[in-house]
Amino acid sequence: MVFIDSNGQLPDLAATVIARALWRYRSELGPIALALVLNIAAVTLHLWHPEWWIGIFILAIITSSALPLVGARIGLSLRVERLYAATITAGAGGWLAAATAIGATHRPLPQIILVGTPILAVPWWAHRRRRARVRIERTLDAWPDISQSVGLAGSRVMSTVVDMWGWRARFGLARGQTIQDATAKIPELESALGTFRGAVRVYPTRDDKANRFELRVLNIDPHANAITWPGPSISTITEPIDLGPFEDAAPAHVLFLRRHALMGGATGSGKSGIINVVMGNLSACRDVVIWAIDLKRGMELRPWAACIDRLATTAEEARALLRDAVVILEGRAEYLASTGRRVWEPTPDMPALVIIIDEYAELTDEAPEAAVSTDSIARRGRAVAVQLIAATQRPTQKAMGKGAVRSQMDVRISFRVRERKDVDLILGQGMLSAGWHAQTLNAPGKFLVSAPEHTTPRRARAYLLTDEAVTQTAAQNAQKRPTLDEVSRHALDAHRASEERSAPSIDEAVADASESGESPEAGLWAMLVAAPEEGVPVPLLIKASGKSRRWVYYQLGGHASAGRAVQVSRGRWRATSHADDVP
């Protein structure tokens with residue numbers, strides 16, 4: 001007998017069609033197959049070894065009793081699954097023992113198996129993960145056609161696993177194919193597998209072989225809703241901070257000790273949220289002093305003021321804070337050199353210094369001269385535990401101060417970006433082509449983290465701290481905050497004393513020029529010589545000289561061209577260190 005199929009060139013044998021159907025629906029037919037196997041085994045055992053019924057009965061009791069206890073080790077993760085398996089084992093074992101002793105056709109054994117099989121099969125047929133696995137297997141049965149259509153011809157399925165959010169499978173690639181080829185085909189894979197956009201992930205396998213990759217497909221987004229912060233995950237900065245869960249529920253642990261961090265993303269993507277997570281954890285540590293810069297007048301970081309040793313909300317305060325951080329850096333470096341040590345090990349008495357900068361681009365706009373300090377901290381701060389954590393929207397070279405700050409950031413965290421090229425700006429050159437697709441992140445708080453311990457693009461979602469949680473956490477940890485160590489305080493005191501001895505004030509310089517009756521040019525020069533590192537604003541120069549803005553700029557231009565004066569920032573000037581006392 002054959003079945004005529006107009007779509008095929010040759011008709012299929014009826015046995016072939018039936019065998020294919022039985023194989024395709026083997027999962028649904030599993031309870032029926034088990035009943036048939038039990039009948040065959042009962043007939044055989046009753047004929048040849050009817051005395052075995054007692055052993056079968058004891059084995060069924062032992063097995064069904066052990067399954068609720070050890071079933072998790074064989075893949076029965078849920079308690080209800082272990083109880084169901086124990087029930088099936090007890091029922092099947094008891095029926096087989098009775099059928100072995102008295103025969104499978106002895107009443108009421110046939111009626112029991114006919115009625116009991118469909119009743120006990122209902123949970124099996126309704127099980128969500130079983131149905132999901134069957135659906136996935138049927139999808140992957142068509143993988144040869146799928147791989148041909150997406151450009152991965154020759155790849156093969158090696159294994160599949162179903163979890164509560166979707167499924168993942170390991171694939172072997174054909175000769176000459178790499179994981180980069182699979183990463184580039186993610187949109188095509190989403191279409192071929194019939195998933196929603198953004199549901200497919202491509203990762204290296206755990207053995208990190210070049211000719212394999214792991215495909216993860218999500219049926220449910222585990223990060224669809226905000227995840228409440230469970231509280232501090234560390235008590236010392238030497239431990240990694242839990243920023244939030246990955247899509248497989250594993251925590252995104254990141255170590256910040258002796259590492260500078262850069263966080264970037266579009267407005268509203270969740271940068272402030274992850275800063276709160278970092279602040280909540282660092283505030284619980286007794287071995288770290290927190291300094292912060294928030295040039296939005298403290299809108300983001302002022303709620304943590306009780307835990308922040310020093311908070312700068314203006315450009316002048318930020319410049320002074322960063323200059324002092326460099327002084328501390330140099331003082332610690334001198335101390336380590338004198339004691340024969342190479343790194344600063346944080347303790348409550350000798351804490352690390354972490355400087356958190358919100359909206360770093362604002363700092364470079366309002367205080368561009370501060371870039372010298374941040375550059376020095378980025379290059380030299382690791383060993384002495386003086387480190388930066390900066391957040392900004394687009395960390396271009398201009399926004400980062402045209403120094404080495406961006407290149408020194410070991411930890412990169414990218415939230416949603418508007419343009420694909422911004423991925424490489426935040427995470428590093430070539431990360432977009434390597435599969436770090438931050439432009440596809442579709443909710444605030446979702447992020448990708450690149451760090452020495454995180455080298456594959458795995459999505460995570462930052463914990464959410466409400467305003468009440470911030471206030472409560474800051475109040476709880478305020479009394480436990482450490483102060484600067486003696487080495488750092490001594491370095492700051494010595495630096496300030498040196499400045500007071502060597503630098504006359506601007507007011508004194510202007511007063512001396514006025515008393516001596518010197519010309520406006522001399523008074524202008526006296527102010528430039530007495531100017532601090534951040535310079536003197538032009539309006540003050542105009543007021544002190546009594547001349548017009550045009551005259552002042554003309555004089556400044558002459559001094560600058562002669563190498564005696566320098567424009568520190570837009571509208572701020574001072575004399576150069578090698579300038580003569582008289583213009």
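Helix 18 (residues 520-530) and helix 19 (residues 538-545) have axes that come within 9 Å and cross at roughly 145°. Axes are lines fitted to C-alpha atoms, for helices over the stretch in contact, and angles run from 0 to 180 degrees between N-to-C directions. The model is predicted: local features need pLDDT of at least 70, side-chain atom pairs count only at pLDDT 80 or more, and totals for chains, interfaces and linings use all residues. Residues are numbered from 1 along each chain as its sequence is written, and side-chain values use heavy atoms, without hydrogens and water.

**Helix pair**
- Helices are DSSP runs (H or I, at least four residues), and strands are E runs of at least two, numbered from the N terminus.
- Helix 18 and helix 19 form a right-handed crossing.
- Helix 18 brings Pro520, Leu524, Met527 and Leu528 to the contact, and helix 19 brings Leu540, Leu541, Ala544 and Ser545.
- Contact means heavy atoms within 4.5 Å.

**Asp358**
- Asp358 sits in strand 12 (residues 352-358).
- Asp358 counts as buried because its relative accessibility is 4%; buried means under 20% relative accessible area, exposed over 50%, partly exposed in between (1.4 Å probe, protein chains only).
- Beyond neighbours within four places in sequence, Asp358 contacts Ile275, Ile293, Asp294, Lys296, Glu300, Leu301 and Ala391.
- Phe256 is 102 residues from Asp358 along the chain, with 17 Å between their C-alpha atoms.

**Ile58**
- Ile58 belongs to helix 3 (residues 53-70).
- Ile58 is partly exposed, at a relative accessible area of 43%.

Terms used
A crossing is left-handed if the near helix is turned anticlockwise from the far one by less than a right angle, and right-handed if clockwise.
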